[in-house]
Amino acid sequence: MSDELNINKKRNDQIKTKSSATSGRGETDIDYVRPAELPEQDLYHGHSFITKWIFCQDAKVIGVQYTLTAVFTGVVGLILSWMMRMQLGYPDLFPFLTAETYYQMVTMHGMIMVVYLLTALFLGGFGNYLIPLMVGARDMVFPYVNMISFWMFFVAVVVLMASFFVPGGPTGSGWTLYPPQAILEGTPGSGYGILLMLISLSLFVIGFTMGGLNYVITILQARTRGMSLMRMPLTIWGIFTATVLALLAFPALLVSSIMMTLDKVLETSFFMPTIIKAGEALSYDGGSPILFQHLFWFFGHPEVYIVALPAFGIVSDLISVHSRKNIFGYRMMVWAIVGIGALSFFVWAHHMYVSGMSPWFGFFFATTTLIIAVPTALKVYNWILTLWRGNIRINTVMLFCLGFIVTFVNGGITGIFLGNVAVDVPLSDTYFVIAHFHMVMGIAPLMVIFGAIYHWFPLVTGRFLDEKLGKWHFWITFLGAYSIYFPMHYLGFIGVPRRYFEMYDSPYMTSAVGMNEFISLAAFIVGAAQFIFFYNLVKSLRLGKPAGKNPWKANSLEWLTPDVPPTHGNWGEKLPVVHRWAYDYGVPGAKEDYIPQTTAPSEVKDAEVEKT
Amino acid sequence: MSDLNLDKLPGGFKGMSEDIGSDQTTFKGVNWGKAMMWIFLLSDTFVFSCFLVAYMKVRASVVEPWPYPSEVFALEMFGVPVPLLLIAIMTFVLITSSGTMALAVKYGYEKNRKMCGWFVLLTAIGGLTFVGMQAFEWSKLIFHDGVRPWGNPFGAEQFGAFFFMITGFHGTHVSIGVIFLFIFARKVFRGDFDTGRRGYFTTMKSDYVAIEILGLYWHFVDLVWVFIFAFFYLW
């Protein structure tokens, strides 16, 4: 061990002398960082309440706005799931739950949770707040467009929510909005509901593109001195890759939304085949419903990773900070994120095994799907190896991180089942699928979101969240979520179909009825536990324990601002200068167990740091 | 670009790997707005690709015969139907406007305010001509030939749907470009890029690189037209 370190040290010394020689200085300056390439960023400072808090150009405020709006839609999604569980657990007990409303809830719940909660929260919320702070920029590169991005998202949410109040109600075609049924009479909300959904999605894509360009270019072109790509925290890598995916995948959603809108409004036949209704042919002729599925899933599968990759990145940072160890295999983690991102564009048809396609096609997509398991498993090993012999703080943040690893592995393994054509065909459209994707892209990313909020709340507000309430919140959510989704695997195996309003007298009922009741009860409790969390947020905003500067003793730049919480412009007079990666925890020979990214090498001469 | 000497940076593959490995910026000396435009165009490429792939898929799988473009898009000249005449002129105008845009960028970097402004204006007029001719083409197809998004007398009904949707989406891009070209022509003539006058909405200073960014968008719209031209009129 010590030999290795010595070798490393020698090599580092060689590199240092080499780099200082090229810098053209006589003496070896180990603190040398290349001079600034860019002039100071010009910022618009708001003066009135409106320009400071509403139409605000500060990425941090925009991030909070995104977060609050996304959480609001998330609460709507949560209430919808409660109502679905009421019907499934106690069929026919609630007269206001009809088959139509049930389908509408399924649809809205799915779309809200995937697009308007998770995507907006990870990229719009955490992205806006953390990117400029973590890369050492004063703000996003184009703050005005960034502001428009949020308001576009806001309008998209308003349009989506408006669909609850139009004649016919919101669309009830399932979150995948498959034509032809999505726009045909007989499907709930086939009039205004589907139209508003498609418009809302288009607005979301346009708004997201504006934000996404900002995130990508801020990361690529506005880093501070010394911040190379391979010194960025993994949070930034995750958000960056997810944003690139979103910029390339959302076009397919936009195009399919436009085409379906035209099918609905102008009666074109992009997706609509010849349809005979009550003995009469409709005006549609010769379109291709499978085309919609391809377009939708070309968006839909990368969307899974748009949600998952920021979660991967954030959880890596949280685990590293709270186990006081460097992240195991940083470079491997970066390449895994990038690799998963790239692969995610070649797997979309695994959502379509039962749509009818050539077996060779299915074989191809099964292979690519299973290949994704390799970098993903790498990441899981690395998280566990980061924890290995770490100085672990068992606080709420760490609990949520551990919860993430468990639920993610669970959901990932069922993903390997479903990735195989032969296994998928019998399981497809059963509760097994519900269990799989709720575990892997519902609960797992939510665990990270909660962990991240407990972690960064002190930065945003200057106060800690209550630990005791936090632990209650974690245990109820974690155990409750398991009680909800674990039995669903079994329901899937016995063949209970998903999206069914009621099982009636089918043979499933004998064994499934008690289980459905149990799942529903768990769902009510888990949902209610989230209000502990909201109470915690509101209470801690005023009464929480003051956090002070860098309360977690973290290395990354967001904790090193002169003001806490950071003000507009982030860095006061001078931009920070970065000398190392964000993971120098527990370095042998260093005075403290952490070395912030801004610490110059000459300040920690005795520490045996890795050269990064 | 205070301390960055672009000429001294190493070139080739080594240069690329050094840029990616370096701090601060990945694309050395590239303006933020310009980089954003490039990424936007990449995203927009995916939008148009999705449209065109969908078109190819449906055209390949539809049962009814596809209308014959040489006949549908022909113009009657002196009693003789000339195939693709209008489209040829439209394409010529649009490609020419790309040339004038390139000249505007050149004069912009030379800080030749007047010439730059005139060429931006000329580009805007070229774009406007294109949109006008497209409106003529659409009205001929709709009112004269009876082509509708939901059906047409020539064959498969998806012909009209895809034609109006894709050329309409492209036309919208051109129209947005024309609006910005006119706004930027005014900004150039007023000298905004010489004096660093702040933008009305963005409150940010700008310089002639803005003309290049607008030029990138314009060339992209042209390039997309080349593909639409090939897939709709020549296939």
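Colleague: Which residues does V255(A) touch, leaving out those up to four places away in sequence?

Modeller: This is a predicted model, where local features need pLDDT of at least 70, side-chain atom pairs count only at pLDDT 80 or more, and totals for chains, interfaces and linings use all residues. Residues are numbered from 1 along each chain as its sequence is written, with chains lettered from A and ligands numbered from 1 in the order in which they are written. Touching here is contact, that is, C-beta atoms, placed from the backbone, within 7 Å. With neighbours up to four places away left out, the list for V255(A) is L295(A), V47(B), C50(B), F51(B) and A54(B).

Colleague: Which residues have the most contacts inside the largest nonpolar core?

Modeller: A nonpolar core is a set of buried Ala, Val, Leu, Ile, Met, Phe, Trp, Tyr and Cys residues joined through C-beta atoms within 7 Å. Buried means 20 or more other C-beta atoms within 10 Å of a residue's own, exposed means 12 or fewer, and partly exposed is in between. The largest such core has 231 residues, and the ones with the most contacts inside it are V255(A), M36(B) and V120(B).

Colleague: And which helix of chain A gives the most to this core?

Modeller: Helices are DSSP runs of H or I with at least four residues, strands are E runs of at least two, and both are numbered from the N terminus. The top contributor, with 24 residues, covers residues 99-135 of chain A and is helix α4.

Colleague: Which helix gives the most to the side of chain A that touches chain B?

Modeller: Across the interface, 44 residues of chain A are in contact with 43 residues of chain B. On the chain A side, α6 (192-221), α7 (234-265) and α8 (289-322) each supply at least two residues. The one that gives the most, with eight residues, is α7(A).

Colleague: How confident is the predictor in chain A, going by its mean pLDDT?

Modeller: pLDDT is the predictor's confidence in each residue, from 0 to 100. In chain A, 95% of the residues reach 70 or more, and the mean is 91. The exception to mention is residues 1-25, where pLDDT is below 50.

Colleague: Is L177(A) buried or exposed?

Modeller: L177(A) is found in the loop between α5 and α6 of chain A. L177(A) has a positive phi of about 55° although it is not a glycine. Most residues other than glycine have a negative phi. With 23 other C-beta atoms within 10 Å, L177(A) counts as buried.

Colleague: What about A278(A), buried or exposed?

Modeller: A278(A) is in the loop between β1 (276-277) and β2 (280-281) of chain A, and its phi is positive too, about 50°. A278(A) has 4 other C-beta atoms within 10 Å, so this residue is exposed.

Colleague: How far apart are the end C-alpha atoms of helix α6 of chain B?

Modeller: The expected span of a helix is 1.5 Å times one less than its number of residues. Helix α6 of chain B (residues 158-190) has 33 residues, so the span should be 48 Å. That agrees with the model, where the end C-alpha atoms are apart by 47 Å.

Colleague: Which residue follows α6(B)?

Modeller: Its phi is positive, near 85°.

Terms used. Two residues are in contact if their C-beta atoms, placed from the backbone, lie within 7 Å.
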